[in-house]
Amino acid sequence: MPASNEPSHVVFGAGPLGFAVARELSRLKRPVRLVSRSGKPRQPLDAGIAMESADVTDAARCREVCQGAQAVYHCIGLPYPRWREFPALMNGVIEGAAAAGARIVYGDNVYSYGAVSGPMREGLPETATTVKGRIRAEVAGALMDSHRAGKVSAVIGRASDFFGPGVTDASMLGSRVFQRLLERKAAQVVGNPSRLHSYTYLPDFALALIALADRDEAAGSIWHVPNAPAVSTKELIRQIAAICEVPPRLSAAPSWVVSLLGMFDPQLRELREMLYEFDSDFVVDSSRFEAAFGIQATPFERSLRETVTWWKSHRPART
């Protein structure tokens, strides 16, 4: 653990969001511990970031890695088939943060609302009927219950589907769009790409979570982190293709095709219940956060260009 006596920031989860939060904290000169099961970084660590290994379901180990922490960020992501592990992971994070007297900042999504009519705003009932939506509601509820009971200070930042540097297969706007367009292939999406859809730029998500950690008045509440105004996925792909200087080719798999293929493919089987996101408008309203914190989403013109630049330097070499 860091030798400094300065309160540290502990980030659970070394996926794209965890790395983005850790990097931003490092840029702000705050000591950071990045925690994953393996303890091995997937990419080079910035100065000021220490890597630790922990089984987050082990409460005793979580208390060890959270020792001396000022803020604890729950940024753990799991593939769909493993989502039933989330409640146990949240319990470990709560135990670790409570022992340190640290605030928990949970990087969440909007699945718990389920399919809604109109823009999603904070305060909507969490009435999802999907398995994954119910799991997300259970986990967020457990955290807020711990806050109300005085066990820990907690706040939740919710994002829509995110994209950005380092986001490869964990997003609909990942390798199936950016990498394929750079290879002059058709971008692959599901559902109806003409529907409005909110997308969150990963660096904006990270900055928002840090802001939630820093502001005492944010605690005990759920906030939608900044999103650029929703546009159709088809329009975003047109913009990405223009930046890549390639034709805006698009291949969209209708929901019924995905459902049929899900009978044979476990990954697609897990995706079937979430297809409502891409068959109807899926708009996340982040105006409350923007007004309270004065932080705006990065415009698509810049965020898409920065993401394309990252893909150009990281995409696999052709064979």
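User: What should I know before I start reading?
Analyst: The model is predicted, and local features need pLDDT of at least 70, while side-chain atom pairs count only at pLDDT 80 or more and totals for chains, interfaces and linings use all residues. Residues are numbered from 1 along each chain as its sequence is written, and side-chain values use heavy atoms, with hydrogens and water left out.

User: OK, in what order do the strands of the open sheet come?
Analyst: The order of the seven strands is β3-β2-β1-β4-β5-β6-β11, with parallel pairing, where strands are DSSP runs of E with at least two residues, numbered from the N terminus, and two strands pair if DSSP finds at least two bridges between them.

User: And which are the edge strands?
Analyst: They are β3 (49-53) and β11 (222-224), each of which pairs on one side only.

User: How many bridges join β5 to β6?
Analyst: Seven bridges join β5 (residues 103-109) to β6 (residues 153-159), and the two run parallel; Val-105 stands opposite Val-155 in β6.

User: Switching to helix α4, why should it span 26 Å?
Analyst: Helix α4 has 18 residues (131-148), so at 1.5 Å a residue it should span 26 Å, and its end C-alpha atoms are 26 Å apart, which agrees; the expected span is 1.5 Å times one less than the number of residues, and a helix is a DSSP run of H or I with at least four residues.

User: Which of its residues are buried?
Analyst: Among the buried residues in α4 are Ile-135, Val-139 and Leu-143, where buried means under 20% relative accessible area with a 1.4 Å probe, protein chains only.

User: What follows α4?
Analyst: α4 is followed by Gly-150, whose phi is positive, near 80°.

How values were computed. Buried < 20%, exposed > 50% of the residue type's maximum accessible area, 1.4 Å probe, protein only.
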